[in-house]
Amino acid sequence: MSRISAPRVTAEQVLTVVSDLLDGGRLCTLEQMPALVAEQASRLGLDHAVIYLADLREDVLRELTGRGLNSGEGGEQLPVEGSLAGRAFTLTRAVTSPGRQQGQRRHFVPVLDGTRRLGILSADSADDGEDGEDAERLLQLLASLLGMQLVSKYAFSDSYARLARTGTMNVAAEMQWTLMPPRVFASDQVVVAAAMEPIYAVGGDAFDYAVAGDVLHLAVFDAMGHDSTAGLTANVAVATCRNQRRQGMGLASTSERIEASLIEHFGHSRYVTALLADLDLHTGELAWVNRGHHPPVLIRGGRWTTMLSCPPAHPMGTDLDLPVEICRGQLEPGDRLLLYTDGVTEARGRDGQEFGLARFTEFIVRSQADGLPVPETLRRLMNDILSYHHGQLQDDATVVFCEWRGPR
């Protein structure tokens, strides 16, 4: 059998480890994953394997210990900013350092679900030049398998929810985060990232996206109020949007059906502003309808920005009988599209000045110039908004960030 990594590891051993990790992972709980991964890693000459998972805000990486159910119980916690593990997380690439013992290297590799960052897998190996590079590749293989295993367990694991939270979540936010799709999606044609703040107390904001063939559906919603009823309103809007979209209905008729559902459930006491869009991933044609919402922002060439204007119809639920117009535009490869709610631009600092649209778009432009990927750009943007507002947003702030890479 030919050798593929460190001298003591053969291709047959690697195949056995992969098979055992997949078989063992099918029936183990999240709490049992650290022991399973450490055992399989040791068979490949990787010592002290540790799993770190990111919190919801992606500020810290918390060790998955497998002990107890309390969040972070007995585990190490590493900051995303200022740690080697955090560097691997933000750049989504392997980072190495001296190991725990002399003659060893410590490897930190990102754990991903597609391009969605879940956390970090770290382990020690012998510091043997090319063999160290082979050890890093083996750890990346384990991290890829681990990502698939973790995602399969999140939906029924309260332990993960507790580990990922560094604050107390209210009921409205519990509803919203259960409703939302994953915060990151990518293919060879498009990248989508989304974020909502205040992450533990979001009320009436929501976002949605989905892919059907060559069409990417995007939506952002802002329900009246900031309480559990606002969350219920947003839930009805998102559920109706998905229901109509999956029946093949167009943008205008979908928005009209959302309004009918809101009136059916809440009368005229609640309303939702929204922007619904369809992007043809093959041609780059963008179609959208505006239901009383802020227009989307387009960034082209990493510097040129414009708002995509479209005559707005009335907010859904107000039943003002304004016409719903479908507007169209053409994207170019590399264009970045921003859908957002008013809590982003209207967040105020201590001097009373709003964060503003100009600051919002300038941040994205600077991040693109720095070569940051879309998910990392959005993470830093939301941290900047929170910092500007001293960590206490008075309104929900949601961003859906889409980059069209061009046709396949």
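What volume does the second largest pocket have? The answer is about 160 Å³, and we will come back to that pocket once you have your bearings. Keep in mind as you read that the structure above is a predicted model.

Let's begin with the chain as a whole. The chain contains eleven helices and 17 strands. Its radius of gyration is 23 Å, close to the 22 Å that the globule rule gives for 408 residues, so the chain is as compact as a globular protein of that length. If you follow the C-alpha trace along its principal axes, the chain spans about 75 × 50 × 45 Å. Of the 408 residues, 54% are buried. The chain exposes about 17500 Å², and carbon and sulfur atoms supply 49% of that area. Contacts tell you how the chain folds back on itself: among those with a separation of 6 or more, 66% join residues 24 or more positions apart.

Now for the empty spaces. Rolling a probe the size of a water molecule over the atoms shows where empty space is left. The largest pocket holds about 880 Å³ of space. Its lining is made of 35 residues, and those that lie nearest the centre are Leu-56, Arg-116, Tyr-160, Trp-177 and Arg-183. Several elements give two or more residues to this lining: strands S6 (116-126) and S8 (190-197), together with helices H5 (158-164), H6 (171-179) and H11 (374-388). The largest share comes from S8, with five residues. Sorted by class, the lining of the largest pocket has 22 nonpolar, eleven charged and two polar residues.

Helix H3 itself covers residues 84-91, and its buried residues are Ala-85, Gly-86, Ala-88, Phe-89 and Thr-90. To picture the sides of a helix, remember that an α-helix has 3.6 residues a turn, so residues three or four places apart point the same way. You can look for buried Ala-85, Ala-88 and Phe-89 in H3 with that in mind.

Cavities come next. How many cavities of 30 Å³ or more does a search of the whole structure find? There are three. The second largest cavity has a volume of about 90 Å³. Strand S10 (215-223), helix H7 (228-245), helix H8 (251-266) and strand S11 (272-280) each supply at least two residues of its lining. Among the lining residues are His-217, Cys-241, Arg-245, Met-249, Thr-254 and Asp-278. By class, this lining divides into seven nonpolar, three polar and two charged residues.

Let's now zoom in on a single residue. Leu-298 sits in strand S13, which covers residues 297-300. Is Leu-298 buried or exposed? Buried means under 20% relative accessible area, and Leu-298 has a relative accessible area of 3%, so it counts as buried. Leaving out residues up to four places away in sequence, Leu-298 touches Trp-304, Thr-305, Thr-306, Leu-308, Leu-331, Asp-335 and Arg-336. Take Leu-331 from that list: it is 33 residues from Leu-298 in sequence, and their C-alpha atoms are 8.7 Å apart in space.

Our last stops are a few details of the backbone. The peptide bond from Glu-197 to Pro-198 is cis, with omega near -5 degrees. Pro-198 lies in the loop between S8 and strand S9 (205-212), and S8 is the strand that gives five residues to the lining of the largest pocket. His-48, though not a glycine, has a positive phi of about 55 degrees. This residue is found in strand S1, residues 47-54, and His-48 is partly exposed, with a relative accessible area of 42%. Asp-321 is also a residue other than glycine, with a positive phi near 65 degrees. Asp-321 is in the loop between strand S14 (304-307) and strand S15 (327-330). With a relative accessible area of 70%, Asp-321 is exposed.

Key. Residues are numbered from 1 along each chain as its sequence is written. This is a predicted model: local features need pLDDT of at least 70, side-chain atom pairs count only at pLDDT 80 or more; totals for chains, interfaces and linings use all residues. Side-chain values use heavy atoms; hydrogens and water are left out. On a 1 Å grid over the protein atoms alone, a cavity is a set of points where a 1.4 Å probe fits but cannot get out, and a pocket is an open set with protein on both sides within 12 Å along at least five of seven lines; lining residues have an atom within 4 Å of a point. Grid points are joined across faces, edges and corners, and a volume is the space filled by probe spheres set on the points. Helices (H or I, at least four residues) and strands (E, at least two) are DSSP runs, numbered from the N terminus. Ala, Val, Leu, Ile, Met, Phe, Trp, Tyr, Cys and Pro count as nonpolar, Asp, Glu, Lys and Arg as charged, and the others, Gly among them, as polar. The radius of gyration is taken over C-alpha atoms; the globule rule is 2.2 Å times the number of residues to the power 0.38. Buried means under 20% relative accessible area, exposed over 50%, partly exposed in between (1.4 Å probe, protein chains only). Contact means heavy atoms within 4.5 Å. Accessible areas come from the Shrake-Rupley method with a 1.4 Å probe; for residues, only the protein chains shown count as cover.
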